[in-house]
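Hello,

Here is the structure I promised to pass on to you.

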Amino acid sequence: MTKYTEPKYRTIFDAKENELEQLREKSANSPWKPAFHIHPQYGLINDPNGLAYFNGEFHVFYQWYPFDAMHGMKHWAHAKSKDLVNWERLPVALVPVEDYESHGAYSGASLEVHGKLYMYYTGNIKYGPVERSANQNLAIMDKQGNITKYENNPLIEGVPEGYTGHVRDPKVFARDGRYYMLLGAQRTDLTGAIIVYESDNAIDWTFKGELDLKIQFPEDVYMLECPDFFELNGKDVIVVSPQGLKPEGHDYHNIYNVIYVLGKLDLDSLTFEVDHYQELEKGFDFYAPQTFAGKNNERLLFAWAGMGEIDYPSDEEKWAHCLSIPRELDIVSGKLVQKPAQELKQLRKSAKAGEVILEKAGSVEVGSAGQYELELELSDIDADSFGVILFASENEGLVLEFDRSRQTVSLNREKFEAAFGGEYGFVRSSELKIHDKVKVQVFTDRSIAEVFINDGEVVFTARVFPKEESKGIKIFANGKLRCKYEKHELAQGISF
Ligand code: FRU
């Protein structure tokens, strides 16, 4: 059969002379390039892949299309770090040149096996604009950092009966001496599922069946992408990205959303007893997260801080998206919480701390910067509406607002000249029990803010594309409020 082709299915090896240099130059001076978030020098990135702390270093791979701010032939790009904050860009890790990955090296996860890093990934196969299949493949990285595709790829050819060509994003883990692979899948009736393979040696896989998640997804859910699995504080946790969820109250307002499920996984019966599940993040730009064990076996997460099918202002500069900061997960009162990883403290430069008191309705500026960490403690609250405006200037601002009478918190990114994504709403919100005090921790980095409320109880990620002068931090209230703040400017952790 002749190979289905489209201009977007070419690899970095097919780059024309100087094409990559030109792409790089085009966006090198963009004021929107994040300084400590992993981002592409050019092209589009999406899911984090193959995350690992391996042989004393952190490895982050991620989906990358080099030639434009669009989805095309996906490669695995690669960065590594000794400390989780200073990243070295490495040569692209996987270039899809083989027949078993003819239309892209799609997402997957890694696992250390016999002292090597086994990187499982999906070979995307297209027969036409719509018809497709998928293979599950392996690449192996040794301790010297050499990456080799497994000679007998694919490990799993095609998809099992009962599923469409949408089967992808392997997550492999070991339990009780056996290996298991979870895959996101679409049933032939066009509903989403997670399927399971098992193996004795992490190489030869047999199809075991479908995981009964015991969650009644609406029938609109047509695909489950990027399943992740881990154990935390004695619980089993699945994080997955369902496609097709419709907005419900404060939930699922993005085109694609992410949920987590806490409970108990039984691999014999392929059932998952659910204690609790909910949307993982309340922001605009958060998808396909993946977790891994850090230095001290803590559970760390990176996500794609972006969303499919929306044009971003940086597209014109031929680059798009970044990853989230690394976050540490915990279970508190039966819920999964996300906190900025401890390691991020290493980025702190100058510090400024203080306290402001608003006696009546108004606002006060507490600083200005482009990339910083900000901690706020809001107390003595005698106001219904209060909060903080980030990236503030006369005409712009990202507004985090607490509403005490409704017991909600919201984030509004409408007020920017380069506002975008409005067809899906400019506001995201969550319920929040607002008592006497509210804690807010924010990381901003030139075109992104990640907001952690009450130690990770509610988290919002938002990309915004401010003008150069929009760097203010403003506290506001429609009544009385005391605000203690501590601000750290943050160093650069990755080259532009
Ligand atoms: C999620 C996803 C994955 C797929 C990858 C392709 O964003 O669609 O399911 O493997 O992106 O880039």
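How far does a polar side-chain atom of D169 lie from an oxygen atom of the ligand? The distance is 2.5 Å, which falls under the polar contacts (pairs of N or O atoms within 3.5 Å; within protein, one must be able to donate a hydrogen and the other to accept it, and residues adjacent in sequence count only if both atoms are side-chain atoms).

Before the rest, a word on the source: this is a predicted model, in which local features need pLDDT of at least 70 and side-chain atom pairs count only at pLDDT 80 or more, while totals for chains, interfaces and linings use all residues. Residues are numbered from 1 along each chain as its sequence is written, and side-chain values use heavy atoms, with hydrogens and water left out.

The shell around the ligand (residues with a heavy atom within 4 Å of it) consists of N46, D47, Q63, K74, Y106, S107, R168, D169, E225, Y287 and W304. By type, these are 3 nonpolar, 3 polar and 5 charged (Ala, Val, Leu, Ile, Met, Phe, Trp, Tyr, Cys and Pro count as nonpolar, Asp, Glu, Lys and Arg as charged, and the others, Gly among them, as polar). Strands β1 (43-54) and β10 (163-175) each supply at least two of the shell residues (strands are DSSP runs of E with at least two residues, numbered from the N terminus).

Strand β10 also holds K171. This lysine is buried, at a relative accessible area of 7% (buried means under 20%, with a 1.4 Å probe and protein chains only). A polar atom of the K171 side chain lies 3.4 Å from the backbone oxygen of T291.

Now to the rings. There are 23 aromatic pairs (rings of Phe, Tyr and Trp, the last by its six-membered ring, with centres within 6.5 Å; planes under 30 degrees apart count as stacked, over 60 as edge-to-face and the rest as tilted). F61 and W76 make a tilted pair, because their ring centres are 5.6 Å apart and their planes stand at 45°.

F420 and F465 are edge-to-face, with 5.4 Å between centres and 75° between planes. They sit 45 residues apart, F420 in the loop between β29 (408-415) and β30 (427-431), and F465 in the loop between β33 (458-463) and β34 (472-477). F420 is buried at 7% relative accessibility, and F465 is buried at 1%. Ring pairs also link Y53, F58, W87, F292 and F302 into a cluster.

Two charges sit over rings as well (NZ of Lys or CZ of Arg within 6 Å of the ring centre and within 35 degrees of the ring normal). R413 lies over the face of F420, 4.3 Å from the ring centre, and the charged end of K33 is over the ring of W319 at 5.7 Å from its centre.

Best wishes

Conventions:
Helices (H or I, at least four residues) and strands (E, at least two) are DSSP runs, numbered from the N terminus. Buried means under 20% relative accessible area, exposed over 50%, partly exposed in between (1.4 Å probe, protein chains only).
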